[in-house]
Amino acid sequence: DFTNIPQTTAFSLNPKLFYYPSEKTTFWIGLNGTYDDRKGGDLTLINDGANGEHQFSEYNTSVRLSSQAVFEHQVSENKSLQIKNSVAYFDRTLTTTNLDFIGNQWNSFTELNYSIQNEKSDWIFGANLYSNDFKEENTNLPRNQKDVTTGIFVNNITDLSEKFILESGFRMDYAADWGSFPLPRISLLWKANDHFSSRLGGGLGYKIPDLFTEEAAVLNYQGIVPIDKNLLDAERSYGLNWDLNYKTIIKDKITFSINQLFYLTSIDNALLLNSRNDGFFEFANANGNILSQGAETNIKFTYKDFRWFINYAL
């Protein structure tokens, strides 16, 4: 007699304003507001109140406010400048029978990029700033966390020939308290004909430790000690992926496409949530590396306004 999905009341508002000061310049700003209230748990408690065995409930209330702003200017026929910014505020209250988790979070993102489009090669140069500030309320175990990350990047797409396209890029991020992260990536696309193509690629990645992992969410963040920046390292990943694509039209009516993906990812310093002898939980880096490998098949049929999807993941 537990709810399969929560009773949900939600409201969203997303106005946008566009401004065109000249033929070469565009500016738009948007605001997004979302209120979400979810009630789940014991059906008897929800309908009639707690009694006897019917004690468990879980209430989630969240408010999200965010802004988006984008400025675009066409410098010349093949060169353009873009500046974009987003500021977001997220407030959440999670209440269960024996727990209250209350916190709010500010995020901001700003990026400047300059693109050059040539006949056979496109370039994008840019820099960005990202900040995150989480504060927890109503707790004896505050897990506040504040991070600032700056980065510069360059991306390139080059047509090597009619059949081969090379995509490459390099990013350098610096996260205060966590260090520097060089992040190269490269992929090669082969277009055999109008029906078949294949892409092989790889690159490096990273993730800064924070409280909001799937393991922590299962525990409703109860009993988890604060993240210690002096004891933890950021996760680093090394990935390869290869996919095959085929598409055709059956009897001039049905479009058929299939994508077969294979991937291999190695993660160093993977973040794990471990239990302690005193009943609390703490994050720690895994020893060695964690290897994730798999395949995914996606098939799609399209007929007029109807689409059928078949997916298999291993």
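Which strand gives the largest share of the lining of the largest pocket? The model examined here is predicted.

## The largest pocket

Strand 6 gives that share, with five residues of the lining. Strand 6 covers residues 99-117. At least two lining residues each also come from strand 5 (79-96), strand 7 (121-137), strand 8 (145-159), strand 9 (164-175) and strand 11 (196-207).

The largest pocket holds about 470 Å³ of space. Its lining is made of 23 residues, and the closest to the pocket centre are Gln105, Asn107, Tyr130, Asn132 and Asp210. Sorted by class, the lining has nine nonpolar, eight polar and six charged residues.

## The cavity

Rolling a probe the size of a water molecule over the atoms shows where empty space is left. In the whole structure, the search finds one cavity of 30 Å³ or more. The volume of the largest cavity is about 30 Å³.

Gln105, Asn132, Phe134, Gln145, Asp210, Leu211 and Phe212 line this cavity. Three of the lining residues are nonpolar, three are polar and one is charged. Gln105, Asn132 and Asp210 line the cavity, and they are also listed among the residues closest to the centre of the largest pocket.

Leu17, Tyr19, Phe27 and Ile29 make a nonpolar surface patch of about 390 Å². Strand 2 (16-22) and strand 3 (25-41) are the elements that give two or more residues to this patch.

Ile29 belongs to strand 3. Why does Ile29 count as partly exposed? Its relative accessibility is 36%, and partly exposed residues lie between the 20% limit for buried and the 50% limit for exposed.

Terms used. Residues numbered from 1 in each chain as written. Predicted model: local features only at pLDDT ≥ 70, side-chain atom pairs only at ≥ 80, totals over all residues. Heavy atoms only, no water. 1 Å grid on protein atoms, 1.4 Å probe; cavity = no way out; pocket = protein on both sides within 12 Å on 5 of 7 lines; lining within 4 Å. Points joined across faces, edges and corners; volume = space filled by probe spheres on them. Nonpolar A, V, L, I, M, F, W, Y, C, P; charged D, E, K, R; others polar. Patch = residues over 30% accessible without salt bridge, like charges linked within 9 Å, V, L, I, M, F, W, Y side chains within 5 Å. Areas by Shrake-Rupley, 256 points an atom, 1.4 Å probe, with all protein chains shown as cover. Salt bridge = Lys/Arg side-chain N within 4 Å of Asp/Glu carboxyl O. Helix = DSSP H or I, 4+ residues; strand = E, 2+ residues; numbered from the N terminus. Buried < 20%, exposed > 50% of the residue type's maximum accessible area, 1.4 Å probe, protein only.
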